[in-house]
Amino acid sequence: MEGLDLKQMTAMVGMIAEEKDLPEETVLDVVQMAIAAAWRRDHGDKEMDVRALLDMNTGKAKVFVTREVIEDGLAYNPATEIPLEEAKKIDANAEIGGMVEEVSEVTEFGRVAAMTAKQVVIQRLREAERDAVLSAFEDKIGTVVTGVVARVEPRLVRVDLGRANGIMPKSEQIDGEYYTVGERIKVYIKGVEHDEARAQLILSRGSAEFIEYLFRQEVPELENGSVEIKAIAREAGRRTKIAVVSNVPGVDPVGTFVGGRGVRVNAIMQEIGDREKIDIINWSDNPSEYIREALSPAEVTRVEIDGKRAKVYVAEDQQSIAIGRQGQNVRLASKLTGYELDIELAKAPEKKKRKNAEDSLLNALSETEE
């Protein structure tokens, strides 16, 4: 077989599997795909549905071409269709609309077909090796790892994690943060994205989960359950609001997360940058109280709740604080609490008119004269 020795390929399956740390079945599948591609290149058509079967004991191969059975006398595509009369020569039970498989022994390939097979083997083995590595990372989903920036593109950053590479889309980056090739950064493994052609790790620095994981490294009380994160709302690079609660009487949850002299929250800000502000507030099962806390640092006069919508009344000097720059404070508070928040101005109490001393004296004299 010119340029493609099936017996040699059969012997190499085990060696390749061991070298690439892949299952033998995976390597065998790759070799069979290559044989099918080579046969299609020499004998068939690119539209053909071809599969190959390699006998590991004998080193011989067969290819199977699947075609749909159609009515005799109709124009047909020989690559994908076969008339009923011809189909019955292959399978006596063939019926119109059914499928038949025509088997061919693989004997030899031309030089071009052999090159095609080798290219398929190289490409498919790389994909299989990468997918195996990515599968090994699936148990690390939801954790933060350190990687090296490998490439910076307009819409994503490629990060080298050692045994695998991941991508950090623009939507998962911290707004205003710049990355340079060779820089070591911490990233949150958000998931593995699979499609028909490949799989890749999706990384994040801009997610709420990244912030939560960082706090878990700094606040040991989270692990023993004495404090808890109830909700996080984040606009990466700008502001984050975190609602926390204590499960142990006497423990201040906000103080626990801030740390002595702010050491814990400062450690988080050193990682994400000081452009992003972090508000840590007390969670409450009382919706009105929770909304008041979420809108801090604004002072709220009163809250009126109707379903999942709430009107929040504030004094005139607190309105801009409650809304925040470009609506950021109220927007994050809404995400944090799950309520649609409308900021309204509270009416100032009517001032009673004060009587001056002269009016009081005149009124007294008038009563005396009467």
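Modeller: A term comes before anything else: helices (H or I, at least four residues) and strands (E, at least two) are DSSP runs, numbered from the N terminus. The model is a predicted one.

Biologist: How many helices and strands are there in the protein?

Modeller: The protein has 370 residues, of which 42% count as buried. Among contacts between residues at least 6 apart in sequence, 59% join residues at least 24 apart. The count of elements is 12 helices and 15 strands.

Biologist: Leaving aside its neighbours within four places in sequence, which residues is R155 in contact with?

Modeller: K170 is 15 residues from R155 in sequence, yet their C-alpha atoms are 5.3 Å apart in space. With neighbours within four places left aside, the contacts of R155 are P169, K170 and Q173.

Biologist: Is F210 buried or exposed?

Modeller: F210 sits in helix α5. Buried means under 20% relative accessible area. The relative accessible area of F210 is 0%, so F210 is buried.

Biologist: Which residues does F210 touch, not counting those up to four places away in sequence?

Modeller: I189 is 21 residues from F210 in sequence and 8.8 Å from F210 in space, C-alpha to C-alpha. A contact, however, needs heavy atoms within 4.5 Å. By that test F210 touches V144, K186, V187, Y188, S204, R205, R234, E271 and I272.

Biologist: Why do the buried residues of α8 line one face of the helix?

Modeller: The buried residues of α8 (263-272) are R264, V265, I268, M269 and I272. An α-helix has 3.6 residues a turn, so residues three or four places apart point the same way. Seen down the axis of α8, the buried residues line one face because they fall within an arc of 135°.

Biologist: Which residues are exposed on the other side of α8, and which elements do the buried residues of α8 pack against?

Modeller: On the other side of α8 the exposed residues are V263 and Q270. The buried residues of α8 pack against α5 (208-218), α6 (221-224), β10 (227-235), α7 (253-258) and β12 (277-282).

Biologist: Are α5 and α8 roughly parallel, roughly antiparallel, roughly perpendicular or oblique to each other?

Modeller: Two packed helices are described by the angle between their axes and the distance between the axes. The axes of α5 and α8 come within 10 Å and cross at roughly 135°. Roughly perpendicular runs from 65 to 115 degrees and roughly antiparallel starts over 145. The pair α5 and α8 is therefore oblique.

Biologist: By class, what does the contact of α9 with α11 hold?

Modeller: Tyr counts as nonpolar, as do Ala, Ile and Leu. The classes of the contact of α9 with α11 come to 5 nonpolar, 1 polar and no charged residues.

Biologist: Which peptide bond is cis, with omega near 15°?

Modeller: Most residues other than glycine have a negative phi, and most peptide bonds are trans. P297 is in the loop between α9 and β13 (300-306). The cis bond runs from S296 to P297.

Biologist: What is the phi of R261, and what is the phi of Q326?

Modeller: R261 lies in the loop between α7 and α8, and Q326 in the loop between α10 (319-323) and α11. R261 counts as exposed at 87% relative accessibility, and Q326 is exposed with a relative accessible area of 67%. Neither residue is a glycine, yet phi is positive in R261, near 55°, and in Q326, about 55°.

Notes. Residues are numbered from 1 along each chain as its sequence is written. This is a predicted model: local features need pLDDT of at least 70, side-chain atom pairs count only at pLDDT 80 or more; totals for chains, interfaces and linings use all residues. Side-chain values use heavy atoms; hydrogens and water are left out. Buried means under 20% relative accessible area, exposed over 50%, partly exposed in between (1.4 Å probe, protein chains only). The arc is that of the directions from the helix axis to the C-beta atoms. Axes are lines fitted to C-alpha atoms, for helices over the stretch in contact, and angles run from 0 to 180 degrees between N-to-C directions. Angles under 35 degrees count as roughly parallel, over 145 as roughly antiparallel, 65 to 115 as roughly perpendicular and the rest as oblique.
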